[in-house]
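Thanks for coming. Please have a look at it first.

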Amino acid sequence: MGKRSRQRQKNQPAGRDNRDNRDDRDNAGWGAGYADIVKENKLFEHYYKEQGLVPDGEFEQFMEAMREPLPATIRITGYKSHAKEILHCLKEKYFKDIQELDIDGQKMEAPQPLSWYPDEQAWHTNMSRKIIRKSPLLEKFHQFLVSETESGNISRQEAVSMIPPLLLKIESHHKILDMCAAPGSKTAQLIEMLHADMDVPFPEGFVIANDVDNKRCYLLVHQAKRLNSPCIMVVNHDASCIPTLKIDCSGEKDILFYDRILCDLRIAVRGVEQLAVGGRMVYSTCSLNPIEDEAVIAALLEKSEGALELADSSADLPGLKWMPGVTSWKLMTKEGQWYSDWSDVPSSRHTQIRPTMFPPKDPEKRASMHLERCMRILPHHQNTGGFFVAVLVKKAPMPWNKRYPKEGGLVPLSGPDRRLSGGPDPHRNSLPPRASCGGGGGGRPPAAKKMKLFGYKEDPFVFLTEDDPVFTTIQSFYDLSPDFPKLNVLTRTHEGKKRHLYMVSKELRNVLLNNSERMKVINTGVKVWSRNSDGEEFGCAFRLAQEGIYTLQPYIRSRIIRVSVEDIKVLLTQENPFLSKLEDDAHAQAKKMVMGSIVLKYIPNPNAPAEPQCPIQLCGWRGKTSIRAFVPRNERFHYLRLLGVEVFRDKQGLGQKQKDEGKEEVEDEVEKDTEEEGAVENEGELDMENGDKNGSSQPKCDSGKQGTSS
């Protein structure tokens, strides 16, 4: 277990913040280790005592909580029906037994749900690695968490970082911008919310996830890719000057405004500029310092001249304990010098301390801002990190943008869009350089900044035409429905054979086509087909890709085999089982089908509650006399667990042991299977060149040939 990230190291400037490292905050969990640090800072304690942020009589509890390790916190990811099955597995297979466990005479406390997170989808525990090593049951629980995290079904995420997406109130049609998105835990939440209805393969909304750090963008891609959504785009920009995007609307070029935005300190102004009227922006920091919290919000509200207002979110997360925002605060230097008013600040400090760092002077103006609607989460109240969050609603265009009449989500583009590339900075000459927001002063936007590109040069995103030759055999082999959106299919090369085909939503296609020169896209789309060189012999050069099967399958009308729970167990634990190993129904379907790529589809039976109650769709290959599931290893383990098969690694790491609930041995071919699948393991690895997962492998079939990627 790591030290509590909410604490501030002794050598940090006093009176600043207890900001934790963003990676630690979003990925808090088992196994992180830090060197011991001194957990005492008198100036820090003095600063927060004087600010009065902690209720009377609670300051010692507050400081004690700051010194303790954070609990490990997990969030069940994925879409609704699958998430419910994972929750069922956790509660029935692990939590029940853990609470009866006794280690060294100490009764173990089972993980507890976060009371404020909906549907028991987030849990926390204080179990340490030392304790985990002492119990085979806890070791299996740990392996379950690690494996499900690798397959994207569980996310290790600090509790307070889960709050901002919940307060956005996402709906499936919302256009969402995550301005500083890496490492991607909150982005994953946004994607899940878009796909609340699993029966809709292409929600109207989308998420554009941005980060300024090129390398962190690839971490973001890796996180987002686990959810296999056609509605996510990862871009690489400085968020303080992220470009204004255009979209085509009925043949006219319009500016894209977002319905929902996540942002933090230095990018708030750029965020509200790109927010649609009626939209919500959540501003959050891991700081408890009013200078980086209420002072920023107050300055933003004042500059907005009524265009923004703080939303009352007090009833949005029942069970969450929080303190209302404050309306008065003081400044302290790292030497311990206090200032209550700008007039007290000596001129020698005017470059570090600015007027808007202080509370608004006018009592009426201060009251009208409703700063008490901000939410401050204190560490000792629910054993979390410290956090600040405010929800802003846009009531009108920003005053410096009023030349553009704004109705709904789009604004006619009349004149150069560079005029919307920045705006007045609420902390212009008011925040120290590290905390200033992008933009100009005096109510006039600055000149447009030329886009700088860093890092890898990305492969192009090339959309196919409806009459592209690749569709000829694909259309007939898979019997695609007439409403299949061919125009949403893209590849990553202008020349040569197309290796992989991807799909994006119609709305993201619109964004891509109209912004290729002003936007650096790292990755978008979900892979739906991969080239199989030998596939032409069987009728189609492209096999189905597991990543995109839930997106693509609604349009496929052939090559589908209905399978049972027992069929899936056979397919996921045996290599190339004979067709006769399937139950009679699936066997009969497979016999009627020619060789090639297939969909293995499980439909839940509501009259059999012991079986998984979520749909399962797997890519497979029908050989001459055998059949196989073409699924990456971690995903295989995930589905086996849903079917009641226990999958765990022995302590020596010598292989996988699998036992079902009846403790009967299940044939173990999963581990050795991976060697013979060749590049199928590569589907779980990041292709850094394309920011994608490499799915170049082909199923080994008993035709005497194995497909290869070209």
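Which residues in α4 meet which residues in α6? On the α4 side they are I86, C89, L90, Y94, F95, D97 and I98. On the α6 side they are L137, L138, K140, F141, F144, L145 and E148. By type, this contact divides into 11 nonpolar residues, no polar ones and 3 charged ones.

Before going on, please keep in mind that this is a predicted model.

Two packed helices are described by the angle between their axes and the distance between the axes. For α4, residues 80-98, and α6, residues 136-150, the angle is about 160° and the axes are 10 Å apart. Angles over 145 degrees count as roughly antiparallel, so α4 and α6 are roughly antiparallel to each other. The crossing of α4 past α6 is left-handed.

From α17, the contact uses K569, L571, L572 and T573; from α19, it uses R636, Y639 and L640. These residues divide into 4 nonpolar, 1 polar and 2 charged.

Is α17 mostly covered or mostly exposed? Mostly covered: of its 9 residues, 8 are buried. Among them are V565, D567, I568 and K569. L571, L572 and T573, which take part in the contact with α19, are buried as well.

Now the whole chain. There are 20 helices and 34 strands. The chain has 710 residues, and 58% of them count as buried. Taking contacts between residues at least 6 apart in sequence, 73% join residues at least 24 apart.

The largest nonpolar core has 114 residues, and the members that touch the most others are W116, I163, I208, M233, M281, I297 and V511. Strand β19, residues 387-394, supplies the largest share of this core, with 7 residues. There is also a second, separate core of 51 residues, which includes A83, I103, C614 and I627.

What does V511 touch, leaving out residues up to four places away in sequence? The list is F206, I208, M233, L245, I247, L256 and M519. Two of these, I208 and M233, were also named among the members of the largest core that touch the most others.

A few single residues remain. H500 lies in strand β23, residues 500-503. Its relative accessibility is 7%, so H500 counts as buried. H500 and S530 are 30 residues apart in sequence, yet 4.4 Å apart in space from C-alpha to C-alpha.

The peptide bond from A182 to P183 is cis, with omega near 5°. P183 sits in the loop between β7, residues 175-178, and α8, residues 185-194.

N383 is not a glycine, but has a positive phi of about 60°. At 23% relative accessibility, N383 counts as partly exposed. D479, also a residue other than glycine, has a positive phi near 50°. D479 is found in the loop between α14, residues 470-478, and β22, residues 489-491. With a relative accessible area of 30%, D479 is partly exposed.

That is the end of my part.

Technical notes. Residues are numbered from 1 along each chain as its sequence is written. This is a predicted model: local features need pLDDT of at least 70, side-chain atom pairs count only at pLDDT 80 or more; totals for chains, interfaces and linings use all residues. Side-chain values use heavy atoms; hydrogens and water are left out. Contact means heavy atoms within 4.5 Å. Helices (H or I, at least four residues) and strands (E, at least two) are DSSP runs, numbered from the N terminus. Ala, Val, Leu, Ile, Met, Phe, Trp, Tyr, Cys and Pro count as nonpolar, Asp, Glu, Lys and Arg as charged, and the others, Gly among them, as polar. A nonpolar core is a set of buried Ala, Val, Leu, Ile, Met, Phe, Trp, Tyr and Cys residues joined through side-chain atoms within 4.5 Å. Buried means under 20% relative accessible area, exposed over 50%, partly exposed in between (1.4 Å probe, protein chains only). Axes are lines fitted to C-alpha atoms, for helices over the stretch in contact, and angles run from 0 to 180 degrees between N-to-C directions. Angles under 35 degrees count as roughly parallel, over 145 as roughly antiparallel, 65 to 115 as roughly perpendicular and the rest as oblique. A crossing is left-handed if the near helix is turned anticlockwise from the far one by less than a right angle, and right-handed if clockwise.
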